[in-house]
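We will go from stop to stop, picking a few residues each time.

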Amino acid sequence: MVGCEAEEVPSQINAQGEVYNSAMDYDNVFKWWKKSAEQGHAKAQIWLAHLYDMGEGVEHDHNEAIRLWEKSAEQGNSAAQYNLGLIYDYGIFVDEDKIKAFEFYEKSAEQGNSTAQYNLGLIYDYGIFVNEDKIKAFEFYEKSAEQGESFAQYNLGHFYRLGLGGAVKDKSEASKWY
């Protein structure tokens with residue numbers, strides 16, 4: 001695979017980047033993931049964004065990292081959507097924008113991203129930039145907890161212990177999630 005040509009499909013080029021990544025050869029990782037990202041490979045775009053963000057194999061460039069996360073997110077990459085949610089939520093390299101953060105978390109959560117689901121649970125649970133809604137919080141905690149997200153499992157146990165958000169008060173069910 002070392003001799004990949006530019007006309008090969010982005011996933012093959014991306015795979016070559018993965019080979020170099022496992023060897024921590026960031027100069028070659030950057031070369032191959034850049035080729036794949038330029039051809040629209042969403043996974044390569046998010047990984048290339050990470051290289052720009054961390055300055056591995058390339059100069060730090062947070063603007064380029066954000067641009068690549070946005071391209072990947074537009075293609076439906078839930079990890080890129082989640083990353084953008086964090087960036088806008090906390091104002092990392094951009095002006096804080098809770099509405100954008102919420103929208104990116106929602107997109108990611110809709111695709112099953114357990115961490116985004118947990119974050120939405122928190123947002124609804126505590127009324128962070130939305131009206132408090134324990135029922136929605138419970139629903140997001142449950143989705144996240146079922147995928148193994150430990151913080152969501154703890155919060156779900158708490159909801160069962162206290163009977164919050166439509167959960168039937170049940171100490172046995174609560175202890176299952178703690």
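Before the first stop, learn how helix axes are drawn: they are lines fitted to C-alpha atoms, for helices over the stretch in contact, and angles run from 0 to 180 degrees between N-to-C directions. Helices (H or I, at least four residues) and strands (E, at least two) are DSSP runs, numbered from the N terminus. This is a predicted model: local features need pLDDT of at least 70, side-chain atom pairs count only at pLDDT 80 or more, and totals for chains, interfaces and linings use all residues. Residues are numbered from 1 along each chain as its sequence is written, and side-chain values use heavy atoms, with hydrogens and water left out.

**The whole chain**

Show everything as a cartoon. The chain has 10 helices and 0 strands. Of its 178 residues, 41% count as buried (buried is under 20% relative accessible area, exposed over 50%, partly exposed in between, with a 1.4 Å probe and protein chains only).

**H6 and H7**

Select H6, residues 98-110, and H7, residues 114-126. They pack at an angle of about 130°, with their axes 8 Å apart. H6 and H7 are therefore oblique to each other (under 35 degrees is roughly parallel, over 145 roughly antiparallel, 65 to 115 roughly perpendicular, and the rest oblique). Their crossing is left-handed, meaning that the near helix is turned anticlockwise from the far one by less than a right angle; clockwise would be right-handed. Now show side chains. Among those making the contact are Phe102 and Tyr105 of H6, and Leu120 and Tyr124 of H7 (contact means heavy atoms within 4.5 Å).

**Aromatic pairs**

Rings of Phe, Tyr and Trp (its six-membered ring) pair if their centres lie within 6.5 Å; planes under 30 degrees apart count as stacked, over 60 as edge-to-face and the rest as tilted. By this rule there are 13 aromatic pairs. Zoom in on Phe102 and Tyr124. Their ring centres are 5.9 Å apart and their planes stand at 75°, so this pair is edge-to-face. Phe102 is in H6 and Tyr124 in H7, so the pair ties together parts that are 22 residues apart in sequence. Phe102 is buried at 12% relative accessibility, and Tyr124 is buried at 8%.

Next, select Tyr141 and Phe159. With centres 5.4 Å apart and planes at 80°, the pair is edge-to-face. Tyr141 sits in H8 (residues 134-146) and Phe159 in H9 (residues 150-162), 18 residues apart. Both are buried.

**H7 and H8**

Show H7 with H8. They pack at an angle of about 160°, with their axes 7 Å apart. That makes H7 roughly antiparallel to H8. The crossing is left-handed here as well. The contact includes Tyr118 and Tyr126 of H7, and Lys134 and Tyr141 of H8.

**Charges over rings**

A charge sits over a ring if NZ of Lys or CZ of Arg is within 6 Å of the ring centre and within 35 degrees of the ring normal. Select Lys134: it lies over the face of Tyr126, at 5.7 Å from the ring centre. Then pick Lys35, which lies over the face of Trp32 at 4.6 Å.

**Last stop: His50**

Find His50 in H3, residues 42-54. Leaving aside neighbours within four places in sequence, His50 is in contact with Glu56 and Trp69. Finish with His62: from His50 it is 12 residues away in sequence and 9.3 Å away in space, C-alpha to C-alpha.
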